[in-house]
Amino acid sequence: MSEELNEQERDSAFMHILGFNGYHTIEVNYSGSGDSGDIDSIHLLKYKEVFSYTSEVGKENIEDRIKEITDCEVWVRNKADRILEQVEDWWNNDGGQGQMVIQIPSGTYVIYNNINVTDTESHEHSGNFLNETEK
């Protein structure tokens, strides 16, 4: 009988698999405004090319690699969404943008979160409306 891994164990295993395949960093770029925001792109960075699509590889292997990449993107997107919902509000009003940099295999991350702010200046003027004349 095999034990199922909990979420943290699965995540750790996935990060180690990425590391064994030559990846060292995941970059997640995001932006938003007005009441909505989204992850714009996810990049996996390698130390060196471990696999080349131009090598003598069959079609099934390329399709398997595309599925692996898609699975990885879904996994990263879901985890990053949960984390980015907890930082400063970058998706409302004037919005914002940023980047999350995740180290492989440790999973430690840094978020560079930028919030767009429009300054408002208030001024008060007084007078008598009836005394205003055309010049």
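**Burial, sheet and rings in a predicted chain**

Me: What share of the 135 residues in the chain is buried?
Reply: Buried residues (under 20% relative accessible area, with exposed over 50% and partly exposed in between, 1.4 Å probe, protein chains only) make up 22% of the 135 residues. This is a predicted model, in which local features need pLDDT of at least 70, side-chain atom pairs count only at pLDDT 80 or more, and totals for chains, interfaces and linings use all residues. Residues are numbered from 1 along each chain as its sequence is written, and side-chain values use heavy atoms, leaving out hydrogens and water.

Me: How confident is the predictor in the chain?
Reply: The average pLDDT (confidence in each residue, from 0 to 100) is 80, and 80% of the residues score at least 70. Over residues 50–59 the pLDDT is below 50. Beyond near neighbours in sequence, that stretch has 9 contacts (heavy atoms within 4.5 Å) in the model.

Me: What makes E2 and E4 edge strands?
Reply: Strands here are DSSP runs of E with at least two residues; helices are runs of H or I with at least four, and both are numbered from the N terminus. The open sheet has the order E2-E1-E3-E4 with antiparallel pairing. Strand E2 (36–46) and strand E4 (109–115) each have a single partner strand, so one side of each lacks a neighbour in the sheet.

Me: How do you know that E1 and E3 pair?
Reply: Pairing requires at least two bridges found by DSSP. Strand E1 (residues 23–33) and strand E3 (residues 96–103) have 8 bridges, in the antiparallel sense, and therefore count as paired. Gly 32 has Gly 96 in E3 as its bridge partner.

Me: Why is Tyr 30 called buried?
Reply: Its relative accessibility is 1%, so Tyr 30 falls under the cut-off for burial. Trp 90, at 5%, counts as buried as well. Trp 91 has 23% and is partly exposed.

Me: Why is the pair of Tyr 30 and Trp 90 called tilted?
Reply: Rings of Phe, Tyr and Trp (its six-membered ring) pair if their centres lie within 6.5 Å; planes under 30 degrees apart count as stacked, over 60 as edge-to-face and the rest as tilted. Tyr 30 and Trp 90 have 4.6 Å centre to centre and 55° between the planes, so the pair is tilted. Tyr 30 lies in strand E1 and Trp 90 in the loop between helix H2 (59–84) and E3, so the pair ties together parts 60 residues apart in sequence.

Me: What makes the pair of Trp 90 and Trp 91 edge-to-face?
Reply: The ring centres of Trp 90 and Trp 91 are 5.3 Å apart and the planes stand at 85°, so this pair is edge-to-face. Tyr 30, Trp 90 and Trp 91 form one aromatic cluster.
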